[in-house]
Amino acid sequence: MAKLSADELLDAFKEMTLVELSDFVKKFEDEFDVEAAAPVAAVAAAPGAAAGAAEEEKDEFDVILSSVGDKKIQVIKAVRALTNLGLAEAKGLVDSAPKAVLEKAKKEDADKAKAALEEAGATVELK
């Protein structure tokens, strides 16, 4: 089997959606028994910034975790599956709801994330 260079791997990752990349990271962590953790970089958009602009069709969405519900552990697991956050970071994000889980996600990815979080028991909104 031919080996891929680092540049070829990066090009392949650039083609992946956030959900696909998250699935890959999870499989990588399981295969090699490691944990990839990244800092939380969730910044809320300024209210009213886009209100004045006429939007034809929105193609980027923020997935906002409005409330956790009574199944906090399942919601933390769902957040970890959607992001590449470690356990502590995902718990911190869930504890600080309302908070953005994904920002500037494609419509398809935002809908999948919303469905996964709602299935876990959370209340989610797309902005």
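Which residues does Leu65 touch, not counting residues up to four places away in sequence? The list runs to Val75, Leu93, Val94, Ala97, Pro98, Lys99, Val101, Ala122 and Thr123. Keep in mind as you look around that this is a predicted model.

Let's step back and take in the whole chain. There are five helices and three strands, and from the N terminus on they come in the order α-α-β-α-α-β-α-β. Of the 127 residues, 26% count as buried.

Now for the strands. The three of them make an open sheet in the order β2-β1-β3, and the pairing is antiparallel. That leaves β2 and β3 (123-126) as the edge strands, each pairing on one side only. Ignoring direction, neighbouring strands in this sheet are turned by 25° against each other on average. If you zoom in on β1 and β2, you'll find five bridges joining the antiparallel pair. A handy spot for getting your bearings is Ile64, which stands opposite Ala100 in β2.

Stay with β1 for a moment and look at two of its residues, starting with Phe61. Phe61 has a relative accessible area of 11%, so it counts as buried. Leaving aside neighbours within four places in sequence, Phe61 is in contact with Leu102, Glu103, Lys104, Ala105, Lys106, Lys107, Ala110, Leu126 and Lys127. Pick Lys104 out of that list: 43 residues separate it from Phe61 in sequence, yet C-alpha to C-alpha the two are 4.9 Å apart in space.

Next comes Asp62, which is also found in strand β1. Is Asp62 buried or exposed? With a relative accessible area of 17%, Asp62 is buried, because the cut-off for that label is under 20%. And what does the side chain of Asp62 reach? It gets to the backbone nitrogen of Lys104, at 2.9 Å. Setting aside neighbours within four places in sequence again, the contacts of Asp62 are Leu102, Glu103, Lys104, Glu125, Leu126 and Lys127.

Over to the helices, and to α3 in particular. Its buried residues are Val75, Ile76, Ala78, Val79 and Leu82. They cover an arc of only 160° around the axis, so they sit on the same side of α3.

Notes
Residues numbered from 1 in each chain as written. Predicted model: local features only at pLDDT ≥ 70, side-chain atom pairs only at ≥ 80, totals over all residues. Heavy atoms only, no water. Contact = heavy atoms within 4.5 Å. Helix = DSSP H or I, 4+ residues; strand = E, 2+ residues; numbered from the N terminus. Buried < 20%, exposed > 50% of the residue type's maximum accessible area, 1.4 Å probe, protein only. Polar contact = N/O pair within 3.5 Å; in protein donor to acceptor, adjacent residues only side chain to side chain. Pairing = 2+ DSSP bridges. Axes fitted to C-alpha atoms, helices over the stretch in contact; angles between N-to-C directions. Arc of directions from axis to C-beta.
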